[in-house]
Amino acid sequence: MAKNTNPQFADFGKRLAQLRKAAGYTQQELADEINSTRRVIAYYETESDQPPANILADLARALGSSTDALLGLTEQQTPKLSSRLERRLKKMETLTPKAKRQLVQLIDTFIEAEQLKKQASQ
């Protein structure tokens, strides 16, 4: 028996891959995030036109998206911070105050160095 497919979901795999890359995930990292396998993610990105109902909500949550955007029913809103950066910032919040200060100082050093490079090239 042939599967009933909704033509609207035909680009599901492409959307999934785009959202995954925009969020800064590898296939393995996304799989780990939703307690799945890399093969499952690869399958849905390349070979399936059937959205995975059992993990759709988990995918949307991990990618900082809505299920509607993942399915192509609405446009994806561009987040202000990348999901990857947001995850790292949340992890920073769990550090000790001293470690946070050191990390912020390190980040400030990189930012200042980049600003100096830009000024020197102008």
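1. Helices here (H or I, at least four residues) are DSSP runs, numbered from the N terminus. Phe12 lies in helix 1, so that's a handy place to start looking. Before you dig in: the model is predicted, local features need pLDDT of at least 70, side-chain atom pairs count only at pLDDT 80 or more, and totals for chains, interfaces and linings use all residues. Residues are numbered from 1 along each chain as its sequence is written, and side-chain values use heavy atoms, with hydrogens and water left out.

2. Is Phe12 buried or exposed? Phe12 has 0% relative accessibility and counts as buried, because buried means under 20% relative accessible area (exposed is over 50%, partly exposed in between, with a 1.4 Å probe and protein chains only). Leaving aside residues up to four places away in sequence, Phe12 touches Tyr44, Pro51, Pro52, Leu56, Leu59, Leu70 and Leu71; contact means heavy atoms within 4.5 Å. Phe12 and Gln50 are 38 residues apart along the chain, yet their C-alpha atoms are separated by 7.7 Å.

3. Who does the covering? Just after helix 1, have a look at Gly24, which takes a positive phi of about 80°.

4. Now follow helix 1 (residues 12–22) to helix 4 (residues 56–63): their axes come within 10 Å and cross at roughly 35°. Axes are lines fitted to C-alpha atoms, for helices over the stretch in contact, and angles run from 0 to 180 degrees between N-to-C directions. On the helix 1 side you'll find Phe12, Leu16, Leu19 and Arg20, meeting Leu56, Leu59 and Leu63 of helix 4. The residues of this contact split into six nonpolar, no polar and one charged (Ala, Val, Leu, Ile, Met, Phe, Trp, Tyr, Cys and Pro count as nonpolar, Asp, Glu, Lys and Arg as charged, the others, Gly among them, as polar).

5. The structure holds one aromatic pair. Tyr43 and Tyr44 make it, edge-to-face, with 5.3 Å centre to centre and 70° between the planes. Rings of Phe, Tyr and Trp (its six-membered ring) pair if their centres lie within 6.5 Å; planes under 30 degrees apart count as stacked, over 60 as edge-to-face and the rest as tilted. Tyr43 is partly exposed at 35% relative accessible area, whereas Tyr44, at 16% relative accessibility, counts as buried.

Conventions:
Helices (H or I, at least four residues) and strands (E, at least two) are DSSP runs, numbered from the N terminus.
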